[in-house]
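Please read them beside the coordinates.

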Amino acid sequence: ASVAAVLPAGGSGERLGGATPKQFCALLGRPLISYTVRALERINWISDIVVAVSLENIETMKSIIEKYGHKRITVVEGGMTRHRSIFNGLKIFPESKLSSCPLQKPEVVIIHDAVRPFVEEDTLLKVVLAAKEHGAAGAIRPLVSTVVASSADGSLDHSLERSRYRASEMPQAFLFDIIYQAYHQCTDYDLDYGTECLHLALKYCKTNAKLIEGSPDLWKVTYKWDLYAAESVIKDTLS
Ligand code: C5P
């Protein structure tokens, strides 16, 4: 069965600081997004990889593809929010076989953040197989911090029992028709403020969503120190 991947990469990376969005920051001279693309591109059962970047970064992305010889990549314009970027990525796949678009609608689509470069084939395979069986699946990790809710005056309202909760990470995978339908049915509020894709699939398509334990390497490069940590990992493992 066919599997494609959509990589939202349209963010501005505000939490990192600096002018360059984190996905385009250089790690040992190579842009972060190029490592993520490479991790997916090396997997021969992933047919197409769609990258959603903001309008001003489309040329940058195309030159990265050319410079590093990336294959099977389609660049689309991202949106104002992560959900809108993902939706734009999904819309590139034609609903009809008669369409002139060279991409084929896949059976399963992986959604993976451009800023999680160390995703492994084993995890991708697990979420894809679980999505085929259950409709949707996503990687999770134990929480490193306790989650608290604060009241309006900024004082502690309540704490969650940490052992009962997990952090929802990426990759996630879906039967294409399920996630496509979920994005078409959801509201503007969901697209602008919604939490994540699994939630949309559950809310609008009433699918099951299987949770898969992921490895610590799925961590999302978010802050400046993450860039240094990611460089160390690359030095140790990838180069
Ligand atoms: O901001 P956050 O860390 O949640 O971003 C996760 C991923 O979503 C990043 O790869 C980022 O580029 C992407 N994103 C996007 N479009 C936006 C905002 C974020 O594709 N408008």
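The points below go from the sheet to its helices, then to a loop and the ligand.

1. Basis. This is a predicted model: local features need pLDDT of at least 70, side-chain atom pairs count only at pLDDT 80 or more, and totals for chains, interfaces and linings use all residues. Residues are numbered from 1 along each chain as its sequence is written.

2. Sheet. Seven strands make an open, mixed sheet, ordered β5-β4-β1-β6-β10-β7-β11. Strands pair if DSSP finds at least two bridges between them. Strands (E, at least two residues) and helices (H or I, at least four) are DSSP runs, numbered from the N terminus. β5 (73–77) and β11 (208–213) each have a single partner strand, so one side of each lacks a neighbour in the sheet. On average, neighbouring strands are turned by 25° against each other, direction ignored. Axes here are lines fitted to C-alpha atoms, for helices over the stretch in contact; angles run from 0 to 180 degrees between N-to-C directions.

3. β7 (residues 135–142) runs parallel to β11, with six bridges. Isoleucine 140 has glutamate 213 of β11 as its bridge partner.

4. Helices on the sheet. α2 (residues 58–67) packs on the sheet and touches β4 (46–53) and β5; its direction makes about 175° with that of β5. α3 (residues 82–91) also packs on the sheet, touching β1 (3–8), β4, β5 and β6 (108–111), at about 145° to β1. Contact means C-beta atoms, placed from the backbone, within 7 Å.

5. Strand β6. Val108 and Ile110 point one way, Val109 and Ile111 the other, and all are buried. Buried means 20 or more other C-beta atoms within 10 Å of the residue's own, exposed 12 or fewer, partly exposed in between, with C-beta atoms placed from the backbone. β6 pairs with β1 in the parallel sense over four bridges, and runs antiparallel to β10, again with four bridges. Isoleucine 110 stands opposite alanine 5 and opposite alanine 173 in β10.

6. Loop. Serine 163 lies between β9 (156–159) and β10 (166–175). Serine 163 is exposed, with 9 other C-beta atoms within 10 Å. Its C-alpha is 29 Å from that of alanine 114, 49 residues away in sequence.

7. Ligand. The ligand is surrounded by 17 residues, the closest being Pro8, Gly10, Gly11, Ser85 and Ala114. A residue counts as near if its C-beta atom, placed from the backbone, lies within 6 Å.

Methods: Contact = placed C-beta atoms within 7 Å.
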